[in-house]
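Dear colleague,

Please find the structure below, handed over for your own work.

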Amino acid sequence: MSPLQRHPSNPVLAPADIPYEATLIFNAGVVKLQGKYVCVFRNDIGEVGKAKFRGTNLGLATSDDGVSWSVDAEPCIGVDFARELLRDFYPDRDVHYEILRFYDPRLTVIEGRVLMCFAVDTRHGLRGGMAWTDDFQKWEVVHLTAPDNRNLVLFPERIGGDYLRLERPFNSYGGGLLGADLFSVWLSRSSDMRRWGDTHLVLAAQDVPFANDKIGPAAPPVRTKQGWLTTFHAVHVDDTLGKRGWEDRWTKTYYAGLMLLDGDDPSRVIAMGKEPLLVPETPEERDGFRNDVIFPGGMLLEDDGEVKIYYGAADTVECLATAHVDDLLAWLHASK
């Protein structure tokens, strides 16, 4: 049985907590800076019960305890601001035409600064991106992937002199041959955060017993005494399912998985839980825009050994679960 305990205050962030128009609050990135928790969350705007949305923005919230949040009066990044941030990557094209949506933030503190990974929908594919910030107001985008790649998460320190990230490219050729997506977790390196390569497969979808469709990175890794502890998302498809949530048909269930990567060579998996770390069970996880979805976006290791895992639930609200790091490591080794 997973050692994770859901926080009794769940959901810790919901549309009702937002001082501007908000319909779905989920997939947040969370870091701790100078003793204060900082959260950047995704907000999809539309009509409750309807599957079509009018827009997406990113909001900013802070907290003293990681549970009760104070949300800024306005979003920190909307689509028009995102288009300006990405203008240099489209020097000969109209960014207002090319850039459709900017979403799914993942935050890492590295070398005293915050690096945000994100996804951006464009007219020519889905791209992952990376941006520096010192104040969550000014951003410097330093990298966009080629289409199609997403779910980028950055390690919080250089390893072997390089920056490292986990990512999930779309391998439509291989997946199509076998009748499922089979998207997997990969690792890439960079010396300067701008040019990425030396890419290796870390965990294949076929290696995860509770996924029959695809997997991918979730929250950025944290270093432990045994190596890099990191979550991943795992998707199981049941084609017999029909309407579950606001869409006419939703056949997927999203689980949270956990694995331990080698401290010096994170492309090597030391242990992986053969059972999900977190399964959709509570009302907020089972009933929302997309039912039965758990997607971790933030993981913090506190000084006392407590691990906080922030996760989107049913693509509708943000929740929190906790466990001691030693219990998570013991569970991993017992279930591998």
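**Backbone features**

Asp148 lies in the loop between strand 9 (139-144) and strand 10; strands (E, at least two residues) and helices (H or I, at least four) are DSSP runs, numbered from the N terminus. The model is a predicted one, in which local features need pLDDT of at least 70 and side-chain atom pairs count only at pLDDT 80 or more, while totals for chains, interfaces and linings use all residues. Residues are numbered from 1 along each chain as its sequence is written, and side-chain values use heavy atoms, with hydrogens and water left out.

The peptide bond that joins Pro147 and Asp148 is cis, with omega about -5°. A cis bond also runs from Asn10 to Pro11, where omega is near -5°. Pro11 is placed in the loop between strand 1 (5-6) and strand 2 (24-33). As a reminder, most residues other than glycine have a negative phi, and most peptide bonds are trans.

Two positive phi values deserve mention as well. Asp104, a residue other than glycine, has phi near 55°. Asp104 is found in strand 6 and counts as buried at 6% relative accessibility; buried means under 20% relative accessible area, exposed over 50%, and partly exposed in between (1.4 Å probe, protein chains only). Glu111, which is not a glycine either, has a positive phi of about 55° and lies in the loop between strand 6 and strand 7.

**Cavity**

Rolling a probe the size of a water molecule over the atoms shows where empty space is left. A search of the whole structure gives 1 cavity of 30 Å³ or more. Here a cavity is a set of points, on a 1 Å grid over the protein atoms alone, where a 1.4 Å probe fits but cannot get out, and lining residues have an atom within 4 Å of a point. Grid points are joined across faces, edges and corners, and a volume is the space filled by probe spheres set on the points.

The largest cavity has a volume of about 30 Å³. Its lining consists of Asp104, Arg106, Cys117, Phe118, Ala119, Asn151 and Leu152. At least two lining residues come from each of strand 6 (99-110), strand 7 (113-122) and strand 10 (149-154). Strand 7 gives the most, with 3 residues. By class, the lining of the largest cavity has 4 nonpolar, 1 polar and 2 charged residues. In this scheme Ala, Val, Leu, Ile, Met, Phe, Trp, Tyr, Cys and Pro count as nonpolar, Asp, Glu, Lys and Arg as charged, and the others, Gly among them, as polar.

**Cysteines**

How many disulfides does a search of the whole structure find? The search finds 0 disulfides, a disulfide being a pair of cysteine sulfur atoms within 2.5 Å. For Cys117, the nearest cysteine sulfur is that of Cys76, 15 Å away. Cys117 is buried, with a relative accessible area of 1%. For Cys319, which is also in no disulfide, the nearest cysteine sulfur is that of Cys39, at 12 Å. Cys319 counts as buried at 0% relative accessibility.

**Aromatic rings**

The structure holds 12 aromatic pairs. Rings of Phe, Tyr and Trp (its six-membered ring) pair if their centres lie within 6.5 Å; planes under 30 degrees apart count as stacked, over 60 as edge-to-face and the rest as tilted.

One of these pairs is Phe53 with Phe289, edge-to-face at 5.1 Å centre to centre and with 90° between the planes. Phe53 lies in strand 4 (residues 53-63) and Phe289 in the loop between helix 4 (283-286) and strand 19 (294-301), so this pair ties together parts that are 236 residues apart in sequence. Phe53 is partly exposed at 26% relative accessibility, whereas Phe289 is buried, with a relative accessible area of 6%.

Trp246 and Phe289 also form an edge-to-face pair, 5.5 Å centre to centre with 70° between the planes. Trp246 lies in the loop between strand 16 (227-237) and strand 17 (252-261), so its pairing with Phe289 ties together parts that are 43 residues apart in sequence. Trp246 counts as buried at 15% relative accessibility. Phe53, Trp246 and Phe289 form one aromatic cluster.

Key:
On a 1 Å grid over the protein atoms alone, a cavity is a set of points where a 1.4 Å probe fits but cannot get out, and a pocket is an open set with protein on both sides within 12 Å along at least five of seven lines; lining residues have an atom within 4 Å of a point.
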